[in-house]
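Okay everyone, thanks for coming. Have a look at the screen while I get set up, and then we'll walk through some helices together.

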Amino acid sequence: MRVLEEEIVLGSLHPRERLIEDDLMRRFTLKRHAAREVLAELARRGLVERRKHIGCEVKAFSVQEVKELYQLRELLEAEAARTLPLPLAPEDLEQLKSIQRQHDRAVADGDPRGVFHTNLRFHETLFGFCHNGVLLRAIQEYARQTHAIRFGSLVNPDYRERARDEHWAMITALEEGRRDELVRLCRDHLAPSRDAYLTATRHLSRHDAFTG
């Protein structure tokens, strides 16, 4: 299932692309019940959706859904940034820097898969320092719900480099105790993946209009 999740996140599988049980059975040597469970788990994670008379498709988000999800993520992550202890403890800073160095290597290597996973670790670790378990779980849940929205930024080298630079800016703000700057960075950091998805959606709609 991790392979399919990565393919959706990295754009190898596109919004509205069908996922067929028989194909999964052949590709991954699965029994039918196992293929169905994979699709069910992807649906629980918000990566695919079942449509009547069509079957399972990679989830396609409406413009309104994207905007609402990201508005909520901005609220949650900005609130976490407002409650983080500043300046962050040296051992916590070093943990975050170690993860970011891994992210740097993935960006330098042009490795979108590595960028995706190290980015997740960076943010889970960062917001974990707020010591509010309920808030952290909410952040993780809505970040997971937007996994399928991120492909436009993950596959673009400019976006990957921008995210890398913003991570280091967050670390500097944590180190220097600049809370207002940290809150702003956390909020602004979400915009590129949202905007890239909306741009891709507009292009796809135009293409469908011309070819339909």
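So, let's start with a question: which residues in helix 6 meet which residues in helix 7? From helix 6 we have Glu-124, Phe-127 and Gly-128, and they meet Leu-136, Ile-139 and Gln-140 in helix 7. By "meet" I'm talking about contact, which is heavy atoms within 4.5 Å.

Before I go on, some housekeeping. This is a predicted model, where local features need pLDDT of at least 70, side-chain atom pairs count only at pLDDT 80 or more, and totals for chains, interfaces and linings use all residues. Residues are numbered from 1 along each chain as its sequence is written, and side-chain values use heavy atoms, with hydrogens and water left out. As for the helix numbers, helices (H or I, at least four residues) and strands (E, at least two) are DSSP runs, numbered from the N terminus.

Back to our pair. Sorted by class, the contact of helix 6 with helix 7 has 3 nonpolar, 2 polar and 1 charged residues. Here Ala, Val, Leu, Ile, Met, Phe, Trp, Tyr, Cys and Pro count as nonpolar, Asp, Glu, Lys and Arg as charged, and the others, Gly among them, as polar.

How do we describe a pair like that? Two packed helices are described by the angle between their axes and the distance between the axes. For helix 6 and helix 7 the angle is about 160°, and the axes are 10 Å apart. Axes are lines fitted to C-alpha atoms, for helices over the stretch in contact, and angles run from 0 to 180 degrees between N-to-C directions. So helix 6 is roughly antiparallel to helix 7. The cut-offs: under 35 degrees is roughly parallel, over 145 roughly antiparallel, 65 to 115 roughly perpendicular, and the rest oblique.

Now compare helix 2 (residues 21-28) and helix 3 (residues 32-44), which pack at about 110° with axes 9 Å apart. That's why we call helix 2 and helix 3 roughly perpendicular to each other. Who touches whom? Glu-21, Asp-22, Leu-24 and Met-25 in helix 2 meet Arg-32, Ala-35, Arg-36 and Leu-39 in helix 3. That contact has 4 nonpolar, no polar and 4 charged residues.

Next, the inside. The largest nonpolar core has 25 residues, and Leu-126, Leu-174 and Leu-182 have the most contacts inside it. A nonpolar core is a set of buried Ala, Val, Leu, Ile, Met, Phe, Trp, Tyr and Cys residues joined through side-chain atoms within 4.5 Å. Among the elements giving two or more residues to this core are helix 4 (63-83), helix 6 (112-128) and helix 9 (157-176). Apart from it lies another core, of 24 residues, including Cys-56 and Ile-149.

Let's zoom in on Leu-174, over in helix 9. Is Leu-174 buried or exposed? Leu-174 is buried, at a relative accessible area of 0%. Buried means under 20%, exposed over 50%, partly exposed in between (1.4 Å probe, protein chains only). Leu-174 and Leu-86 are 88 residues apart in sequence, but C-alpha to C-alpha they're 6.1 Å apart.

One last stop: Leu-76, which sits in helix 4. Leu-76 counts as buried too, at 15% relative accessibility. Leaving aside neighbours within four places in sequence, Leu-76 is in contact with Leu-135, Ala-138, Ile-139 and Tyr-142.
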